[in-house]
Each structure stands twice: as C-alpha cells, then as structure tokens.
Amino acid sequence: MLRPQAKTIDLDGKPDLKNPDLYMDGGFHEVFSRLRADEPVYWNPEADASGFWAITRYDDIEAMSKNPALFSSARHLGGHRIFDEHTLENNSTDASMISMDPPGHTGYRRMVTPGFVPKRISGMEDRIRARVTRILDAMEAKGKADGGVEFVSTVAAVLPIEVLAELFGVPEADGPKLFEWSNATVGEDDPELRVSDEYMRQCVSEMAGYAAGLWQQRQENPGDDLITMLAHSKIDGKEMSFATYIGTFILLVVAGNETTRNSISGGLLALTEFPEQRQRLLDDPSLIPSAVQEIVRWVSPVLHMRRTATADTEIRGQKITKGDKLVMWYASANRDGDKWADPFAFDVGRYTNRQAPTHLGFGAGQHFCLGSRLAELQLKILYEEMLSRFPDIRVTGPARRLRSNFISGIKDMPVSF
Ligand code: HEM
C-alpha cells in the first residue's frame with residue numbers, strides 16, 4: 001500500500017489544491033475563500049491522473065456525504081483519498097469500512113461500533129484522566145529541567161497512542177511503533193517522513209505483521225478489546241477477510257491517532273494566538289466542551305475526503321459526469337461564511353449557542369467519524385487538566401507543519417509554561 005507522492009501541476013495562476021506545499025501555512029484559507037465565492041465547484045486538473053472537482057461549500061459537502069448512492073467511497077472506484085485506485089501499489093490491504101458504501105459498509109461498521117458506544121467511552125474517563133495527569137507530570141519535570149518542552153512528542157502524540165493501545169488491548173510499550181507506522185501512513189508527501197520508498201513499504205509490512213500476530217492471539221485468547229471484536233466478528237455468517245482486517249487495523253491506527261494529536265496541538269496554537277479566548281476558558285472552564293468543538297472546526301485535522309460520482313449529476317449547475325472524482329474540503333466548509341457567523345474568529349463559546357451548525361471536521365452521513373466522542377473526551381480532559389495546572393502554557397516558536405494535502409498536522413512545536 002505504498003502511496004504515490006502528489007505530483008504538482010502549473011495551473012497558470014489557478015490553485016492546485018493537490019499541492020501539499022499549499023498547506024504548510026494558513027495561506028490556503030485565502031485560496032478556499034476565493035473558491036467558495038467564485039468557483040465553489042472547481043475543476044482541478046492533475047499531472048498524473050484524471051483531475052477532480054474541488055467542493056468547498058459546507059452545504060454541498062454535507063449533501064454529498066449524505067448521498068453515498070451518488071457519491072461513492074468504494075475502493076474499486078477510487079476510495080476515499082485523492083489518488084486514483086490504479087495508482088495504488090499492492091492495494092490489497094486498503095479495504096476497510098471507510099472505502100465502502102452501504103449496504104456493505106453498514107455491517108462492517110456495526111462490528112466495531114460496540115467499542116465506541118457512549119457508555120463504553122464515558123467509562124474510559126477516569127483512566128484517560130489518570131493518563132493525562134501522568135503525561136502532564138512528565139511534561140512538568142521535563143520543562144523544569146529544560147526550560148520548556150517539545151509539545152507534540154511530550155503530550156499531543158502520547159495521549160491518543162496510549163488510548164489506542166487501550167482500545168486494542170496491547171501494551172503501552174507498543175505505542176512508539178504505532179506512532180511511527182501511523183506517521184509513515186500519512187507521510188507520503190513529507191520528505192522527513194518518507195525517508196525512502198523502501199522504508200515506507202517496511203512500515204506497512206511491519207504494521208500488517210503486527211496486526212496479524214494480534215489476530216492470532218485474540219483467536220486463541222479473546223479479550224474485551226477492538227481486535228477481539230474484529231477477530232471474532234461475522235458478516236452474513238462469514239468471517240471478515242484477512243485483507244479487510246488489516247485494512248481496518250490500519251484505518252483505526254491512523255484515524256485514532258493523527259487527528260486527535262493535531263487537534264490537541266492545533267488547539268494550543270490557537271489559544272496562544274488568541275489569548276483572550278484562553279482567558280475565557282480560565283475564567284469559565286465550563287466552556288471547555290464548546291472549545292473542544294471549536295478546536296476541531298478551527299483545525300479541521302482531516303483536510304479532505306474524496307468521493308466518485310456513480311451517475312451523471314449537477315452541483316450548483318455544474319455538470320458532473322459519471323466516474324468523476326470529487327474532493328470535499330472540510331477545512332473550507334468549516335470556514336464557510338454562509339454557514340458561520342464570523343467564521344475566521346476562534347470563539348471558544350461558539351457552541352454554547354444551540355443554533356450553531358455542526359462542524360464538518362468529523363465528516364457527515366454514513367461515514368461520520370466513529371471515534372468522535374472518544375476524540376472529544378480526550379481533548380476535554382486534556383484541556384481541563386492542562387489549563388488548570390499550567391494556565392500560561394503557550395507556544396514559543398514556530399510550529400513545523402506536516403507536508404500533506406490530507407492531514408493538517410504539526411510535527412513539532414516548542415512550548416513553555
Ligand atoms: C479530532 C479527531 C478526529 C477527526 C477530526 C476525525 C475525522 C474523521 C472524518 C472526517 C471521517 C469521515 C470520513 C468520510 O466521510 O469519508 C472519519 C471517519 C472515521 N474515524 Fe475519525 N476522526 C477523529 C478521531 C477518530 C478516533 C479517535 C477514531 C478511533 C479511535 C476514529 C475513527 C474513525 C473511523 C473508524 C472512521 C470511518 C468510519 C466509517 O467509514 O464509517 N476517528 N473521521
């Protein structure tokens with residue numbers, strides 16, 4: 001499952017949304033604002049593939065997400081990323097629910113849903129709080145010794161990995177491996193992460209080998225974890241295929257990890273840039289759940305998902321032909337002025353207003369993020385504990401960004417407190 005690197009194209013002054021360099025700073029928001037106003041259904045040619053329609057308005061993205069019969073995620077049509085199916089090398093491990101449509105998707109999603117039901121997630125609260133306390137203790141000790149810390153590796157990456165290890169029922173000591181594999185899976189366009197094609201292949205093969213070992217263990221010794229759910233599940237009386245199991249494992253590692261990590265870091269960056277919003281949270285911590293939603297809207301850790309048209313159709317009068325590729329830019333929808341009052345204001349109280357629209361950071365429709373409650377719980381507990389212990393924690397230097405058109409990520413960022 002080696003991802004190709006994004007080939008860029010000169011579009012004569014028009015934006016190439018596939019170019020990962022566009023997302024290295026906040027400048028892409030200006031590009032999206034122009035497209036929403038002038039060309040909300042924008043044709044983006046590609047150097048090495050068919051081109052795609054870039055969809056940038058909230059209402060269009062929401063409607064598409066809720067119409068999988070017309071806008072498919074199916075892997076055989078191209079799946080959920082910009083790449084064309086035929087450009088994926090050895091994609092047999094790529095099958096998972098995120099690249100399926102209903103009705104097939106429903107059964108696969110149902111298999112892991114018990115791992116994410118509200119009762120189970122809220123039952124994790126005390127353990128997450130204990131983890132957060134330990135992580136912040138370590139941050140404090142390191143900060144005292146060094147006068148500050150690198151926030152991503154000390155805090156933001158650690159919590160989601162530990163929580164994932166708990167969901168999988170694997171030792172915390174395996175966390176660093178999960179972290180490395182997950183980075184490699186989304187790092188195809190970042191020269192620091194794509195050390196070599198060989199290294200990327202090795203990461204995928206190690207991750208698949210690790211997942212296979214777990215499958216075997218849980219066949220013999222079932223537990224109360226997600227891997228056991230997958231290893232013992234049946235769809236229409238049949239066991240899940242091994243390729244789908246591996247695909248699902250990789251999906252969970254990446255989805256549960258990169259996104260939450262980047263919300264944690266991106267949230268702190270926003271609170272540093274908007275000190276008056278931090279003060280509001282310090283004065284009234286009951287705003288934190290609203291702030292968590294605002295952080296996910298603001299950061300939009302998943303920049304886009306892709307769909308393929310299954311029939312000729314139209315969006316805003318623009319003809320779309322069967323087989324066309326469409327890319328839904330959540331990062332744009334979440335700043336759409338037709339939807340949000342003052343979309344470029346970071347407002348921690350935004351979601352105390354029940355009329356506030358739901359952000360699209362977790363997607364919408366059939367594929368709405370399965371881990372959204374878990375991610376929100378981690379963010380809520382982390383921000384509660386962190387702001388009460390270190391009210392002045394702030395970013396003190398540049399946040400180095402992941403080079404990616406898929407994940408809005410921060411690789412490292414210095415903080416002091
Ligand atoms: C802030 C954190 C997160 C963000 C922003 C996020 C974002 C998303 C988005 C946008 C989708 C929709 C994909 C589509 O429509 O094609 C999605 C799906 C998914 N997410 Fe998340 N996610 C987060 C955290 C998590 C966590 C913690 C987990 C699990 C541990 C998780 C597991 C999944 C899964 C399994 C799917 C696929 C669901 C399906 O295909 O039915 N996510 N996520």
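Predicted model: local features only at pLDDT ≥ 70, side-chain atom pairs only at ≥ 80, totals over all residues.

Colleague: OK. How many cavities of 30 Å³ or more does the structure hold?

Modeller: Five. The largest cavity has about 890 Å³ of space, and 47 residues line it.

Colleague: Which of those lie nearest its centre?

Modeller: Ile98, Leu251, Ala255, Met305 and Cys369. As for elements, two or more lining residues each come from H3, helix H7 (158-168), helix H8 (175-186), H11, H12, E7 and helix H16 (372-389). H11 has the largest share, with six residues.

Colleague: And what's the lining like by class?

Modeller: There are 27 nonpolar, 15 polar and five charged residues in the lining of the largest cavity.

Colleague: Now the ligand. Where does it sit?

Modeller: In the largest cavity. There are 27 residues around the ligand, and His105, Arg109, Arg307, His367 and Cys369 come nearest. Cys369 is also among the residues nearest the centre of that cavity.

Colleague: Which elements supply the shell around the ligand?

Modeller: Helix H3 (104-112), helix H11 (242-255), H12 and strand E7 (304-309) each supply at least two residues. By class, that shell has 15 nonpolar, 10 polar and two charged residues.

Colleague: What about the arginines, how far is a polar side-chain atom of Arg109 from an oxygen atom of the ligand?

Modeller: For Arg109 the distance is 2.7 Å. Arg307 also has a polar side-chain atom by a ligand oxygen, at 2.9 Å. Then there's Tyr330, with a side-chain N or O atom 3.4 Å from an oxygen atom of the ligand.

Colleague: Switching topic: how much space lies in the largest pocket?

Modeller: About 290 Å³. It has 17 lining residues, and His29, Leu269, Trp298, Arg335 and Arg401 lie nearest the centre of the pocket. Helix H1 (28-38), helix H12 (258-273) and helix H14 (288-299) are the elements that give two or more residues to that lining.

Colleague: Which of them gives the most?

Modeller: H12, with four residues. H12 also gives two or more residues to the lining of the largest cavity.

Colleague: Last one: how does the pocket lining split by class?

Modeller: Eight nonpolar, five polar and four charged residues.

Definitions and conventions: Residues numbered from 1 in each chain as written. Heavy atoms only, no water. 1 Å grid on protein atoms, 1.4 Å probe; cavity = no way out; pocket = protein on both sides within 12 Å on 5 of 7 lines; lining within 4 Å. Points joined across faces, edges and corners; volume = space filled by probe spheres on them. Nonpolar A, V, L, I, M, F, W, Y, C, P; charged D, E, K, R; others polar. Near = heavy atom within 4 Å. Polar contact = N/O pair within 3.5 Å; in protein donor to acceptor, adjacent residues only side chain to side chain. Sits in = over half its atoms within 2 Å of the grid points.
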